[in-house]
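I opened this model to look up its core and its chain contacts. My notes follow.

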Amino acid sequence: MKSSTAHKVFGLLFGAGFGFVLAAANLHEYDTIHKMLRLEEFDVFLLMGGAIGTSLPLLWWLERRRTRTVLGGPLLLSRSKPRREHVIGGALFGIGWAVSGTCPAPALVMLVSGAGLAAVTIIGLFVGLNLRDAQVRRADGAATAADGEHRDITRVP
Amino acid sequence: MLSTTFAAVLPDRLPWYFAGPALGLLVVGFFVIANQPLGATGAYVETYKTVTRAPGAVSWRMFYFLGIPIGGLVGVLLKEDGIVRRAGYDALRNELSLGTTAIIVLVGAVVMGYGARMAGGCTSGHGICGTAQRSPASWVATCTFMGAAVLTTLVIRVISGGAI
């Protein structure tokens with residue numbers, strides 16, 4: 001897929017919107033995530049529920065209406081079957097998330113909020129992602145189905 | 001402590017019933033415009049590929065990646081505390097030295113990155129964008145990482161005698 005100026009502009013804007021909400025909801029703070037995972041505060045669970053509860057029905061409705069998207073043709077939702085990589089990878093992600101107390105997007109906000117150790121987290125994330133990519137390349141394997149990540153919609157029939 | 005703020009417009013913590021639907025609307029909005037989900041793991045991957053000039057890199061994802069800290073900075077500057085220069089990870093720092101904390105955080109982040117790439121997504125990708133598309137793989141991955149994270153936190157709590 002080619003990267004048009006429109007994609008770059010909207011990418012930047014939506015990234016900024018996403019980062020703004022993370023900062024506003026304090027999701028970049030280690031304490032927020034730590035208290036959630038200690039089951040002392042349930043705000044973040046409710047926040048995720050609110051995000052899914054808003055987007056799931058809307059996307060369902062837009063899919064049924066066969067909506068055409070502005071830049072990418074007919075709306076296409078991906079629904080892959082679960083494989084063992086989703087479970088093993090998910091478990092490893094969960095363990096790492098609990099230890100480093102932030103996930104990939106909030107780590108970027110944590111850094112700009114002034115927390116120096118977030119730089120260590122971000123470097124570690126890049127290392128981990130590349131370790132997995134290198135392993136898949138060595139095995140001539142395919143990347144795991146990633147329904148929430150970038151997809152090449154030109155290749156989908 | 002050095003602190004920089006622009007204007008204390010935002011509350012210390014925007015309530016979940018505003019922040020959750022706001023994230024949901026951003027996800028829907030990006031589908032309607034670009035037909036793409038907003039997973040952060042993929043943004044890291046494409047940013048790395050773009051910077052290293054790897055073949056097939058989706059360069060506009062780097063703009064999405066850069067947008068996150070830019071928007072985050074705006075949000076932080078609109079709070080009373082603003083930017084506070086610190087190490088971070090207070091709960092760990094109260095118990096451990098800076099060096100030990102950094103090593104633990106680094107190992108955790110490597111495991112997190114490896115796991116996210118193996119699972120095909122993280123909290124934003126599977127946890128919100130995938131579940132919202134009603135993807136069975138995303139629901140399985142999300143339930144797994146939520147469970148694993150709560151369990152790991154419990155283990156850390158027991159090992160540290162309740163301190164962390």
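I am working from a predicted model. The largest nonpolar core holds 93 residues, and A:Val21, B:Ala19 and B:Val27 touch the most other members. I looked up which element gives the most to this core: α5(B) does, with 11 residues. Where does the core lie relative to the domains of chain B? Domain 1 (1-86) and domain 2 (88-164) both give residues to this core, so it lies between them.

Next I took B:Val27. Leaving out residues up to four places away in sequence, B:Val27 touches B:Leu38, B:Ile128, B:Cys129 and B:Ala132, and also A:Ser55.

Then the chain contacts. I find 109 residues of chain B in contact with 108 residues of chain A. Several elements of chain B give two or more residues to the side that touches chain A, among them α1 (16-34), α3 (60-77), α5 (98-119) and α7 (136-159). β2 (83-84) is also on that list. α1(B) gives the most to this side, with 18 residues. By type, I note 66 nonpolar, 34 polar and nine charged residues on the side of chain B that touches chain A.

Last, B:Leu10. I place B:Leu10 in the loop between β1 (3-4) and α1 of chain B. Is B:Leu10 buried, exposed or partly exposed? B:Leu10 has 19 C-beta neighbours inside 10 Å, so it counts as partly exposed; buried would take 20 or more. Again leaving out residues up to four places away in sequence, B:Leu10 touches A:Ala24, B:Gly75, B:Leu78 and B:Lys79. I also checked B:Leu10 against B:Ala163: they are 153 residues apart in sequence and 31 Å apart in space, C-alpha to C-alpha.

How values were computed:
Residues are numbered from 1 along each chain as its sequence is written. Chains are lettered from A and ligands numbered from 1 in the order in which they are written. This is a predicted model: local features need pLDDT of at least 70, side-chain atom pairs count only at pLDDT 80 or more; totals for chains, interfaces and linings use all residues. Two residues are in contact if their C-beta atoms, placed from the backbone, lie within 7 Å. Helices (H or I, at least four residues) and strands (E, at least two) are DSSP runs, numbered from the N terminus. Ala, Val, Leu, Ile, Met, Phe, Trp, Tyr, Cys and Pro count as nonpolar, Asp, Glu, Lys and Arg as charged, and the others, Gly among them, as polar. A nonpolar core is a set of buried Ala, Val, Leu, Ile, Met, Phe, Trp, Tyr and Cys residues joined through C-beta atoms within 7 Å. A residue is buried if 20 or more other C-beta atoms lie within 10 Å of its own, exposed if 12 or fewer, and partly exposed in between; C-beta atoms are placed from the backbone. Domain bounds come from an automatic or database domain assignment.
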